Amino acid sequence: GVSVTNSATYVPPGASSTGSGSGSGGGSPIVVTPPAANLYASFLDAEGGRGTAISGPRDDSAASGRYVYFRTLNDSIAMYPTLPVESDYYIWFRYRSGSFTFSVANGAYHSHANPVPAGWTWIKLGPYKFPRGYQPVTIKPTSLSLQVDGVSVTNSATYVPPGASST
């Protein structure tokens, strides 16, 4: 699971503040520098989205062990962050093996034209204006090889999701 907090001392259930770890996954807890008070950042698993995409087989390299794929070019998946304020937001997509278009807040679709990655890759796009509230980020494939692991939405131009590169 994912825990989001603004506390510098919070330790998720099953983790250890000493670094030894005690949950079923073991290992050390992730240490995160508390963000600025007005920072918004969320990660949404694709398999928790709504739409016609299909949950893929178990894949331990995916964020929660699963991802989604598409049977037709008419399929889609929508994920819904709840945004605290109207603002410009950046969208980080974690995907592999395909290309896509996407829509923010039920607006026009935008094409993603970067090279197709071989492995899981984060790509940052935006900024895009979002209204406040529960707003969809919808993904449609432009190739049937597309696999989507998740989306991170943030109002910070400098935020980088865990596991992503800032370049």
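How many helices and how many strands does the protein chain have?

## Overall architecture

In this predicted model, the protein chain has zero helices and 13 strands, and, read along the sequence, the chain accordingly shows the pattern β-β-β-β-β-β-β-β-β-β-β-β-β. Of the 167 residues of the protein chain, 39% count as buried, while the chain as a whole exposes about 9200 Å², of which carbon and sulfur atoms supply 51%. Where contacts in the protein chain join residues at least 6 apart in sequence, 72% of these contacts are between residues at least 24 apart.

## The nonpolar core

The largest nonpolar core has 27 residues, and those that touch the most other members are Ile91, Phe93, Phe102, Phe130, Ile139 and Val151. At least two residues of this core come from each of strand S5 (77-79), strand S7 (87-96), strand S8 (100-104), strand S10 (121-130), strand S12 (137-141) and strand S13 (147-154).

When its neighbours within four places in sequence are left aside, Ile139 is in contact with Phe70, Asp75, Ser76, Ile77 and Met79, with Phe93, Phe100, Thr101 and Phe102, and with Leu146, Val148 and Val151.

## Aromatic pairs

A search of the whole structure finds eleven aromatic pairs. In one of them, the rings of Phe43 and Trp122 have their centres 6.0 Å apart and their planes at 70 degrees, so the pair is classed as edge-to-face. Because Phe43 lies in strand S1 (residues 41-45) and Trp122 in strand S10, this pair ties together parts that are 79 residues apart in sequence.

Trp92 lies in strand S7 and Trp122 in strand S10, so the pair ties together parts that are 30 residues apart in sequence, and both Trp92 and Trp122 are buried. Elsewhere in the list of aromatic residues, Phe93, Tyr95, Phe100, Phe102 and Tyr128 form one aromatic cluster; of its members, Phe93, Phe100 and Phe102 are in contact with Ile139.

## Salt bridges

The count of salt bridges comes to four. One of them joins the side chains of Asp149 and Arg94, with the closest N and O atoms 2.3 Å apart. This pair links distant parts of the chain, since Asp149 is in strand S13 and Arg94 in strand S7, 55 residues apart, and both Asp149 and Arg94 are buried.

Another salt bridge is formed by the side chains of Asp88 and Lys129, at 3.7 Å from N to O. Here again distant parts of the chain are linked, with Asp88 in strand S7 and Lys129 in strand S10, 41 residues apart; Asp88 itself counts as partly exposed, at 37% relative accessibility. The side chains of Asp60 and Arg58 also meet in a salt bridge, at 3.0 Å from N to O, and in this pair Asp60 is exposed, as is Arg58.

A polar contact of 2.6 Å joins the side chains of Ser99 and Thr142, and, not counting residues up to four places away in sequence, Ser99 touches His112, Pro141, Thr142, Ser143 and Leu146.

Although Val116 and Ser99 are 17 residues apart along the chain, their C-alpha atoms are separated by 6.5 Å. Leaving aside neighbours within four places in sequence, Val116 is in contact with Ser97 and Gly98.

Key
Residues are numbered from 1 along each chain as its sequence is written. This is a predicted model: local features need pLDDT of at least 70, side-chain atom pairs count only at pLDDT 80 or more; totals for chains, interfaces and linings use all residues. Side-chain values use heavy atoms; hydrogens and water are left out. A nonpolar core is a set of buried Ala, Val, Leu, Ile, Met, Phe, Trp, Tyr and Cys residues joined through side-chain atoms within 4.5 Å. Buried means under 20% relative accessible area, exposed over 50%, partly exposed in between (1.4 Å probe, protein chains only). Helices (H or I, at least four residues) and strands (E, at least two) are DSSP runs, numbered from the N terminus. Contact means heavy atoms within 4.5 Å. A polar contact is a pair of N or O atoms within 3.5 Å; within protein, one must be able to donate a hydrogen and the other to accept it, and residues adjacent in sequence count only if both atoms are side-chain atoms. Accessible areas come from the Shrake-Rupley method with a 1.4 Å probe; for residues, only the protein chains shown count as cover. Rings of Phe, Tyr and Trp (its six-membered ring) pair if their centres lie within 6.5 Å; planes under 30 degrees apart count as stacked, over 60 as edge-to-face and the rest as tilted.
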